[in-house]
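Q: Hi, could you walk me through this one? I'd like to go over a few residues and then the overall fold.

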Amino acid sequence: MDMTELAIIGGTGLTTLKNLDIIKREVVHTPFGEPSGPLTHGVLSGKEVVFLARHGYGHTIPPHKINYRANIWALHHTGVKQVIAVAAVGGISDDLEPGSLVIPDQIVDYTSARDNTFFEDGLSHVTHVDFTQPYSEELRQLLIRGCQAANLDFVDHGTYATTQGPRLETAAEIDRLARDGCTVVGMTGMPEAALARELDLHYAAFAVVVNKAAGRGTGPISMHDIELSVKQGMDKVRDVLEHVVPLLGT
Ligand code: HPA
């Protein structure tokens, strides 16, 4: 396998990979505008990977302002074939606590007014991609094996509700998402996953619960508590990723 085939998109709390030995930074201009930042090429656990901070390296781009098309196009352009998308999420199901790791297998998209397709202009025919299974099962299994190798608890399935943000949800909205079958909620799962599918990238999400969703805990959601959970959760993510990379191509 080509060694630069894997990209990691870091979400909130993962603007750098401490364990990545950086080789170079690559600025990519795309027909869809600028990605969240330069692509960082480096070596993780002995293999070359590409890293991109979804919210920018200074964490300045809010979920609804991210140029998802430019990010995915840039990764595809640099030769990446697989994308692990890390995301901080709220836990909807009761068994999910801050610190829980979830590898979702489904998505419900509640976003609006985001540029959500590459198939817009200059088409020779109208294109509809299959999205029955939104994530790559192969890559999900790799994440599962990575969690096992790191000896960490995880949940191997889940439905990721993607909300528009940037505000958090109301308690009634979370009740509705639960009725829809969603188990975690975040703001960046879509259109990222669909855009990856449009370019035939293997894509899987690795979600870290950083708070109980609105109305599922006691009282309002505390940003201070979220920050603590993000820090602890992302340490686990780095650990898992170190174990995932050696499994590539096995
Ligand atoms: N809702 C939406 N997005 C989130 C949450 C949440 O509770 N926590 C982290 N990202």
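Q: Is N151 buried or exposed?

A: N151 counts as exposed, at 71% relative accessibility. The cut-offs are under 20% relative accessible area for buried, over 50% for exposed and partly exposed in between, with a 1.4 Å probe and protein chains only. Before we go on, this is a predicted model: local features need pLDDT of at least 70, side-chain atom pairs count only at pLDDT 80 or more, and totals for chains, interfaces and linings use all residues. Residues are numbered from 1 along each chain as its sequence is written, and side-chain values use heavy atoms, with hydrogens and water left out.

Q: Thanks! Where is N151?

A: N151 lies in the loop between helix 2 (137-149) and strand 8. Helices (H or I, at least four residues) and strands (E, at least two) are DSSP runs, numbered from the N terminus.

Q: What is the phi of N151?

A: N151 has a positive phi, about 65 degrees, and is not a glycine. Most residues other than glycine have a negative phi.

Q: And what about phi of H59?

A: H59 is another non-glycine residue with a positive phi, near 50 degrees. H59 sits in the loop between strand 4 (47-53) and helix 1 (68-77). Its relative accessibility is 38%, so H59 counts as partly exposed.

Q: Switching to peptide bonds, what is the one from G165 to P166 like?

A: That bond is cis, with omega near -5 degrees. P166 belongs to the loop between strand 8 (159-162) and helix 3 (171-179). A cis peptide bond also joins M190 and P191, where omega is about 5 degrees. P191 is in the loop between strand 9 and helix 4. For background, most peptide bonds are trans.

Q: Which loop holds T188?

A: T188 is in the loop between strand 9 (184-186) and helix 4. T188 counts as buried because its relative accessibility is 6%.

Q: Which residues does T188 touch?

A: Not counting residues up to four places away in sequence, T188 touches R54, H55, P63, I66, Y68, A87, R114, Y160 and T162. Contact here means heavy atoms within 4.5 Å.

Q: Now R197: buried or exposed?

A: R197 is buried, because its relative accessible area is 18%. R197 is part of helix 4 (residues 192-198).

Q: What is R197 in contact with?

A: Leaving aside neighbours within four places in sequence, R197 contacts V129, D130, F131, Q133, P134 and Y135. The side chain of R197 reaches the backbone oxygen of D130 at 3.0 Å. As for V129, R197 is 68 residues from it in sequence and 7.3 Å away in space, C-alpha to C-alpha.

Q: Zooming out, how many helices and strands are there?

A: The protein has five helices and ten strands. Of its 250 residues, 53% count as buried. Among contacts between residues at least 6 apart in sequence, 81% join residues at least 24 apart.

Q: Why does the radius of gyration agree with a compact globule?

A: With 250 residues, a compact globule would have a radius near 18 Å, and the protein has 17 Å, so the two agree. The radius is taken over C-alpha atoms, and the globule rule is 2.2 Å times the number of residues to the power 0.38. The C-alpha atoms fill a box of roughly 45 × 45 × 30 Å, taken along the principal axes.

How values were computed:
Polar contact = N/O pair within 3.5 Å; in protein donor to acceptor, adjacent residues only side chain to side chain.
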